[in-house]
Every structure is written in C-alpha cells, then in structure tokens.
Amino acid sequence: MKQIDLVIIGGGPAGLSAAKMAAESGLASLIVERNFNVGGQLVKQTHMFFGSEKQYAKTRGIDIAKILVDDVLKFPDLIEIMTDTSVVGLYKDKVVTLLQKEKYIKVKTNAIIIATGASEKVLAFENNDLPGIYGAGAVQTLMNVHGVLPGNDVVMVGSGNIGLIVSYQLIQAGVNVKCVLEAASTIGGYKVHASKLKRLGVDILTSHSIKKAIGKNYLEKIVIGKLDDKWKFIEGTEEEIEVDSLCISVGLSPLSNLLSMIGVDMKYVSTLGGLVPLIDKNHETSIKNIFVAGDVCGVEEASSAIVEGYLTGLVVAEKLGFKHPNYDELYLDFKDQLHNLRSGPFGEKLRLGLQEIMR
Amino acid sequence: MRIKEHPILKFEEKKKLSFFFDGKEVYGYEGDTVASALHALGVKVLSHSIELHRPRGFYCAIGNCSSCMMIVDGKPNVKTCVTQLLENMVVKTQVNKGDIYEAN
C-alpha cells in the first residue's frame with residue numbers, strides 16, 4: 001500500500017491551491033484527478049475574473065489555471081499528481097482506493113482534503129433529455145477547450161453570471177444566441193455581463209421559462225412561455241423557437257457524494273447549492289482530519305475556491321506538524337480575503353448559508 | 001463544426017487522428033475527447049436510456065452525468081466526454097447496460 005501524508009481529491013482551483021500551500025509548509029501530498037488534466041473548470045473560462053489582485057482579478061480563467069498548475073509543478077518532490085484517476089473507496093481509517101485506467105491502487109494517508117467541486121443542475125421540463133440540451137458549462141468546455149461548436153442557434157435558460165458569460169462566449173465563437181430566458185422577474189447576474197449581451201442585441205426575457213423541448217433524435221425546437229409571479233406558466237403566452245442547442249444554466253450543485261459516503265455530517269442548504277458538509281472555521285468536517293475546500297462545501301466563485309484551498313492546505317499542514325513559517329500572517333490574510341469576496345449585497349444569501357453549516 | 005476564428009483563443013491545426021465510429025472510419029484531432037470529436041462530426045446521439053431507449057447526448061462534459069457512455073475499444077460504459085481520443089480507437093454506440101468484457 002502506498003503511503004502519503006495528505007491526499008487531495010480534485011485537481012481544480014481549490015485542490016491545486018491546497019497542495020501548493022501544504023508544500024510551502026513542507027507537507028507532501030497526492031492530488032487525485034478524474035479528468036486527464038488538472039486545472040478544473042478554469043481551463044474553459046476565457047473571461048477575466050473579478051475580486052482582487054490576490055485572486056488574479058483581471059486575469060482570464062484559462063491563464064489562472066496555468067498559474068496554479070505551474071505553482072504546483074514547482075514542488076516535484078512534494079506534490080504528486082495522478083490524472084485519469086477516480087476515487088472508488090474512502091474509509092474512516094484514512095485509506096483511499098483509486099482506479100487508474102485498469103489498475104486498482106490503495107493509499108494510506110493521514111489527512112484528506114476533498115475538493116471535488118460542483119456540477120451543473122438540470123431543469124425539469126418535457127423532453128429535457130434530448131441530445132442538444134446541455135449544461136451551459138458543458139458547452140463552454142466544448143467550445144473553449146475543444147474548439148467545437150454546439151450548433152448554430154441556441155437559447156440560454158438562466159441569467160445568472162454563468163448564463164450571461166457563456167451566452168457572450170457563444171457569440172464570440174460564432175453561434176447565434178436567440179435569447180436568454182430568466183424565470184425570475186429580474187436578471188440574476190452582474191449588470192456588466194447583461195449589458196454586454198444587450199449591446200449585441202440579445203434579449204433577456206425575464207419572467208420566462210422553457211415549457212418543453214421538441215425533436216425526434218435531437219433538439220429541433222423549444223416552446224417557451226411567460227410566468228406569473230408564482231412562477232406558473234400563463235396560458236396563451238407560448239411561443240415556439242427553432243434551435244439546435246439549448247443551454248441550461250440554473251445553478252450548480254456540490255459534488256459531495258464522497259462526503260456522504262464516508263459518513264460526514266451533512267446538511268441541505270439551498271443557498272449553497274444543495275447537500276454540503278458541516279465544517280468548522282478551518283474547513284474540517286465532523287470526521288477528524290477530513291477537510292473540504294471549494295465548491296463542494298458551498299457553490300461560490302473560483303476566486304473563493306482558490307483562497308479556501310490555500311487556507312485548508314495551510315491548516316492541514318500545521319495539524320500534521322508542518323507549520324508554515326508565516327502561518328499566522330497567512331491565516332489572517334486568507335480569512336480576510338474570503339471575508340472580502342463574500343461581502344456586499346451579492347454575497348448576502350451565501351453568508352447566511354455558510355452560517356448554517358458552521359460546527 | 002469546429003471554430004476557426006476566435007477573438008481570444010487560438011485553435012491551431014493539430015494532428016489528425018483516425019478512429020472508428022460504428023464501423024466507419026472517421027477523423028478527430030489530438031486533444032479531442034471522444035465526445036468532442038463525434039460532436040464536431042455532427043454526431044449528437046451518444047447513448048440511449050436503459051428502459052425506454054431514448055436518445056441521449058452529453059450534458060455535463062465533466063464526467064459526472066453519465067449520459068455520454070459508449071463502448072470504447074470493447075469496454076462498455078465509458079464516459080466519452082472525459083476520454084481522450086486516441087488513434088485507431090473503436091467507438092460504438094451502446095444500446096444496453098453493457099456486456100461483461102475482458103480487460104487487455
């Protein structure tokens with residue numbers, strides 16, 4: 001059996017940052033990633049990030065991914081990366097079992113940081129399983145990573161930041177975005193993203209949603225309708241739109257299955273995206289030495305995931321006897337950065353949600 | 001359809017890879033996943049639901065939703081959205097739960 005001090009599950013912004021900070025403290029770790037490259041969902045974000053300089057604001061997500069990966073590669077003796085590898089078992093005595101290609105590998109560790117991120121939610125409507133209906137992030141991957149277009153004509157469902165940003169990126173790639181539908185009476189995302197779309201002539205239809213999809217083997221058209229203030233379709237407002245692609249951007253849900261599997265205390269908190277673990281101020285779950293970082297403990301921006309990763313890596317290293325020379329200073333700085341990222345009116349629901357999972 | 005011009009990203013011509021889709025020889029490029037290569041060829045139906053055999057395409061593209069599973073090199077239930085395309089891969093549409101196979 002392989003022995004390593006720390007196993008980090010997930011090689012996205014949170015996992016990479018945790019590994020870096022642990023390594024800076026002198027602690028060795030293994031990053032396990034199920035995709036064939038690390039960087040998580042940053043590798044498809046062509047837009048520039050907000051936040052402050054410390055979280056690489058004004059830098060495109062694709063470039064932030066490169067920075068985080070390069071940081072980790074600076075510690076070849078302390079950080080091992082296994083890609084194309086899935087965690088298939090997780091046990092309370094800190095044994096992790098992995099599947100890499102056809103090989104089954106057992107790892108004994110002292111601490112685990114679960115940084116599995118989140119996945120896109122689905123929306124219930126007739127024929128919502130037709131090919132041509134995608135998560136907005138999936139289309140982002142297809143276009144921005146693989147350079148393949150989803151189709152010619154697309155409608156976006158959801159006007160949160162992801163819906164707005166991906167609509168803009170679809171236009172950049174040469175796709176006709178027919179409209180954006182928003183069930184609420186107001187646009188969900190930042191005004192700056194909405195204005196960019198409006199300037200390009202894309203209508204953002206508030207109080208509208210998709211009623212059904214039509215198509216034999218794949219999507220051919222959709223029926224949309226207007227909603228009343230109780231989010232019920234108003235009869236007679238149906239309209240057909242011909243599309244070959246539909247993007248669903250109705251939020252993300254934490255990928256917390258591994259946490260449920262190992263028996264961590266969990267809670268359903270809708271403002272955090274779904275089922276999340278209870279954590280203490282240092283991101284430790286109800287099971288000793290099992291930590292979490294990033295979207296898996298509440299859906300936020302990648303900037304928060306990066307800082308949560310740094311914080312968790314720092315704390316875990318200290319707990320295992322590898323205290324960073326600037327521990328106190330860094331600890332306060334990371335806490336302060338997270339506080340700032342969550343401040344303001346947009347962070348209000350999130351702040352309330354995070355209070356609910358404190359243990 | 002592949003993106004040729006993009007204001008931010010550069011998509012340089014990469015090495016062409018030949019593979020087989022349901023018996024026919026087709027092409028993708030280095031860096032593709034099986035799903036992205038098929039999508040570029042206009043193939044959107046990747047799998048079928050088990051009970052009603054409804055057509056399914058990929059939804060999440062991050063290896064989570066499992067609606068893109070196909071038979072790759074004889075192995076069923078392969079998530080094609082996170083499987084790197086390799087030269088001479090044999091990709092088949094899967095219509096059942098998947099048969100037991102022999103690992104190489």
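Because the model is predicted, local features are described only at a pLDDT of at least 70 and side-chain atom pairs count only at pLDDT 80 or more, while totals for chains, interfaces and linings use all residues. Residues are numbered from 1 along each chain as its sequence is written, with chains lettered from A and ligands numbered from 1 in the order in which they are written.

Chain A splits into domain 1 (2–119 + 252–356) and domain 2 (122–248), with bounds that come from an automatic or database domain assignment. Between the C-alpha centres of domain 1 and domain 2 of chain A there are 31 Å. Domain 1 of chain A gives 5 residues to the contact and domain 2 of chain A gives 7 residues, where two residues are in contact if their C-beta atoms, placed from the backbone, lie within 7 Å. On the side of domain 1 of chain A that touches domain 2 of chain A there are 1 nonpolar, 3 polar and 1 charged residues. In this grouping Ala, Val, Leu, Ile, Met, Phe, Trp, Tyr, Cys and Pro count as nonpolar, Asp, Glu, Lys and Arg as charged, and the others, Gly among them, as polar.

Next come the sheets, starting with chain A. An open, parallel sheet of 5 strands has the order 8-15-9-10-11 in chain A. Helices (H or I, at least four residues) and strands (E, at least two) are DSSP runs, numbered from the N terminus, and two strands pair if DSSP finds at least two bridges between them. Strand 8 (133–135) and strand 11 (203–206) of chain A stand at the edges with a single partner strand each, so one side of each has no neighbour in the sheet. From one strand to the next, the twist averages 25 degrees. Within the sheet, 5 bridges link strand 9 (residues 153–157) and strand 10 (residues 176–182) of chain A in the parallel sense, and Val157(A) has Leu181(A) in strand 10 as its bridge partner.

Two helices lie across these strands. Helix 4 (residues 161–172) of chain A lies across strand 9, strand 10 and strand 15 of chain A and runs at about 170 degrees to strand 10. For these angles, axes are lines fitted to C-alpha atoms, for helices over the stretch in contact, and values run from 0 to 180 degrees between N-to-C directions.

Strand 4 (residues 85–90) and strand 5 of chain A pair antiparallel over 5 bridges, and 4 residues lie between them in a hairpin whose turn holds Lys94(A), with a positive phi of about 65 degrees. Val96(A) sits in strand 5 (residues 95–100) of chain A, and Leu90(A) stands opposite Val96(A). With 23 other C-beta atoms within 10 Å, Val96(A) is buried; the cut-off is 20 or more such atoms, against 12 or fewer for exposed and values in between for partly exposed. Beyond residues up to four places away in sequence, Val96(A) touches Val7(A), Val87(A), Leu90(A), Val107(A), Thr109(A) and Ile112(A). The other hairpin joins strand 17 (residues 266–269) to strand 18 (residues 274–277) of chain A through 4 antiparallel bridges; in its turn, Gly273(A) has a positive phi of about 105 degrees.

What about the nonpolar cores? Each is a set of buried Ala, Val, Leu, Ile, Met, Phe, Trp, Tyr and Cys residues joined through C-beta atoms within 7 Å. The largest has 65 residues, of which Ile8(A), Ile113(A) and Ile114(A) touch the most other members. Helix 7 (residues 302–319) of chain A supplies the largest share of this core, 10 residues. A separate core of 63 residues includes Ile162(A), Ala37(B), Val82(B) and Leu85(B).

Finally, chain B has an open sheet of 5 strands in the order 2-1-7-5-6, with mixed pairing. Strand 2 (24–29) and strand 6 (75–79) of chain B are at the edges. Where the chains meet, 30 residues of chain B contact 27 residues of chain A. Helix 1 of chain B gives the most to this side of chain B, with 3 residues. By class, the side of chain B that touches chain A has 16 nonpolar, 9 polar and 5 charged residues.
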